[in-house]
Amino acid sequence: MRILTVILVLVCLISSAQEPQVDLVRLGYLKNETTSEQVGMAASPDGNHAAFAFKDKTVRIFDVRAGKFVKRLTIPFTEVFDMHLTNDGRLIVMQLKEVLIMDWKTEKTLMSFSTNGNITKSAFSAPHNLLAAGQREGWVNIYDVRALKEVSSFQYKKHHVSALAIHPDGKRIAVAVMPVLKEMNPIRMYQVATGEEVAQSKKGFYTMAAFNEGGDRLMVSSLNALATKASIEVLDGRQLTPVSKIDSKLLMINNVMPYGGRVIGDKLLATSASLMFNVYDAQKGGVIFTTKSDGLNIPPFFTLGIGNAHPFPLGSSGKYLINTLGNINQVYDVTTNAIVGYFYCDSNEDFAVVSRDGRVEGTPEAMRKVYWTARGSLVKTPLESTFESGFTPRLLSQIVDEDEKTQLAQATFEVEKVIDKVPALQLKSVNGTASATNGTASATQKQSKVEVTVTQNPQEITEVKLYQNSKLVKVIPGSGKNLYAFDVSLTNSFGEQNYFYATASSKSGVESEKVKFTINYKGATEAKPKLYLVTIGIDKYKNPKYNLNYAQADADGVAGIISQKSKSLFQEVVPFAIRNDKAIKANIFAALNQVKTKALEQDMIVVYYAGHGVMSGGAEKEFYIVPHDVTQLYGRDDMLADKGISASDLKSFASAINAQKQVFILDACQSAGALDALEERARGAAEEKAIAQLARSTGTFWITSTGAEQFATEFAKLGHGIFTYALLEGVGGAADANKDQRLTIRELSTYIENKVPELSEQLKGTAQFPSAYSFGNDFPIAVFEK
């Protein structure tokens, strides 16, 4: 009868006295283009790392501070029940009948425990290194994950464990079981060490239990006798006697009741069976926040209480990592009672971070796959549409660190407020011939003409950009007109097909959707390409306090190894070596202007720089590489503008140079001790943002050491800076991941991103994380003899 009642009661909501706050940001992702479904996640208590498990048996570790995935593990799990992560690098993966403990840094399995039955509930106490696994038949096994041993094992009747909570003192544990069509049962408190019962509550159907920080209160989720209504009860943390009750005012489809939760003060952060996240307030007596993400996902009665969905603390920030949206995880802030961030991830290293106010960060593919949705509209606005206005490096770390005042000052980004102002483009013609419906055209003439029409909001356009094979080839300022014409030079440097896309920037900061098309070039085969190799290294500055130790050696090494390993790819390697006192703005510009004059579409350019890099300090901050004759890095923006080479300068050259394959490698360090830690971090983030936007806006490859400190990255043991040492190793052959004797630029950037943190941690005790921004097509940069 009870089961029948549960199935029949499909009425969800009864009006309450006060409506809870609701998450307003609406995000989605292209599930059919996601490599693998996320099936588990966890965060270390200090908030420095998060682990994500995927259906393809991959587990990835994300470094919150660095803003990168730093480890990929393949674990032969059958089904992930729960996960936990410790501060010292232990990854705990719970399967149906197994508890696996690994060191994720070394990828070694430390211990594997088999449980008595299928796991139905788990609890973890990080301060005491205790993990509890509740199972079918009422078994509870408790493990010490530091000592790698079982502490105790005991049984509570022959029903599945439906609620489990370790007391903050680490000495007691609360256990509830759920019968099948049988009597209600009390929550029982046991001694962890002995399994001896020390207290019990009134009888009930319990699906979740969580102690508050002090351990004097236990908050539980309970069902009424007909299993048609859930309530939150507050019990005494020692005697398990009733203290108060929060009536949820929800008639049950039984998936609404909490299955996992955490108590913060008087609040219970709880996730339901169908992954709806609610915050209950014991003082106010109701729900004060909800994601409203429930669906009609009715679990059978005999599975009630089976499963976990923990809110994981991100350090002491008051932020918690939760999951209610598949591959999109959320960051909830207790202080402001709001979701303040979102984290999408995939097993192939794609990730995207979104803040409540519309800032974004992520890999190019993830920024394409994740989108905003507007209420009452089918339009999907990808994150990449707001890259120029909203890109923020290491955004997840910023979201975690932002204080209450900053969070409250942020306006929620609601895409429906700007969606009607976003322009829309359409291909009109190629060489005067109307475009085909499939967006494909053919041409025999190298110099061709492309026309793009504006179908919506021409008055909102600030500029229209055309990209060829992912590289920016032309920018036309917005004119308010409905037609934009581009002269293009076709090439077969990537084969017969020339891939184009056009996009319009708008006054709202949201770009138009890309209009993509292909022109098959049937013209003459072009000559074998040339490599223009510009290497700049500055050890000796006019102001000797800025002198470096290995910048010249770095530049010489790069020039030598790339010339040697790439010569079979090119008709000729054209070198430009600029060192020390010759490395002034006029000479560097002269070399780049020669490349601009000579380079053809099929050619490649590589620009390498080793020296200082700095952000200007004025209102219009800009990144500069620092030539030999700049005598003051900070406080003289006029000198930087006069003698330095800005990101805008580099963007102009990258756009104007015809070569479709362009790589810029910057081993640019900051001056040690010139800035305090906060200002240094702020300038480092601004530098990363400038370079990322430069890479995307030009469609070129950029690999950077991201503001490493002077001297800290230079070691006599290596004879080079860490970043360039890894680069030289990679070009020398170590980066050829698939061993096909050809090194592509993406293989090289991946190798550098993985090798530099490893080397820097070995040599100086802390990891340095370089950055690679690859918005262009992949292509080979070296060939190795067999």
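Modeller: Let me begin with rings: those of Phe, Tyr and Trp (its six-membered ring) pair if their centres lie within 6.5 Å, and planes under 30 degrees apart count as stacked, over 60 as edge-to-face and the rest as tilted. Please bear in mind that this is a predicted model, in which local features need pLDDT of at least 70 and side-chain atom pairs count only at pLDDT 80 or more, while totals for chains, interfaces and linings use all residues. Residues are numbered from 1 along each chain as its sequence is written, and side-chain values use heavy atoms, with hydrogens and water left out.

Colleague: How many aromatic pairs does a search of the whole structure find, and what makes the pair of Tyr29 and Tyr344 tilted?

Modeller: The search of the whole structure finds 21 aromatic pairs. Tyr29 and Tyr344 have a centre-to-centre distance of 5.4 Å and an angle of 50° between their planes, and the pair is therefore tilted. This pair links distant parts of the chain, since Tyr29 belongs to strand E2 (residues 27-29) and Tyr344 to strand E29 (residues 338-345), 315 residues apart; helices (H or I, at least four residues) and strands (E, at least two) are DSSP runs, numbered from the N terminus.

Colleague: Why is the pair of Phe343 and Phe351 called stacked?

Modeller: Their ring centres are 6.0 Å apart and their planes stand at 15°, so the pair is stacked. Both residues also belong to a cluster in which ring pairs link Phe52, Phe62, Phe69, Phe343 and Phe351.

Colleague: Are Phe343 and Phe351 buried or exposed, and how do you know?

Modeller: Phe343 has 1% relative accessibility and therefore counts as buried (buried means under 20% relative accessible area, exposed over 50%, partly exposed in between, with a 1.4 Å probe and protein chains only). Phe351, with a relative accessible area of 8%, is buried as well, and Tyr29 and Tyr344 are also buried. Taking the protein as a whole, buried residues make up 59% of its 786 residues.

Colleague: Where is Gly117 found, and with which residues is it in contact?

Modeller: Gly117 is found in the loop between strand E10 (108-114) and strand E11 (119-125). Leaving aside neighbours within four places in sequence, Gly117 is in contact (heavy atoms within 4.5 Å) with Leu96, Lys97 and Gln135. Its 9% relative accessibility is why Gly117 counts as buried.

Colleague: Turning to the helices, why is H6 called roughly parallel to H11?

Modeller: Helix H6 (residues 551-566) and helix H11 (residues 722-734) pack at about 10°, with their axes 10 Å apart. That angle makes H6 roughly parallel to H11 (angles under 35 degrees count as roughly parallel, over 145 as roughly antiparallel, 65 to 115 as roughly perpendicular and the rest as oblique; axes are lines fitted to C-alpha atoms, for helices over the stretch in contact, and angles run from 0 to 180 degrees between N-to-C directions). Among the residues that make the contact are Val558, Ile561 and Ile562 of H6 and Leu727, Leu728 and Val731 of H11.

Colleague: How do you know that H11 and H12 are oblique to each other?

Modeller: H11 and helix H12 (residues 745-764) pack at an angle of about 135°, with their axes 9 Å apart, and they are therefore oblique to each other.

Colleague: And which residues of H7 and H9 meet?

Modeller: Lys585, Phe589, Leu592, Asn593 and Lys596 in H7 meet Asp649, Phe653 and Ala656 in H9. These divide into four nonpolar, one polar and three charged residues (Ala, Val, Leu, Ile, Met, Phe, Trp, Tyr, Cys and Pro count as nonpolar, Asp, Glu, Lys and Arg as charged, and the others, Gly among them, as polar). Helix H7 (residues 585-598) and helix H9 (residues 647-656) pack at about 20° with their axes 9 Å apart, and are therefore roughly parallel.
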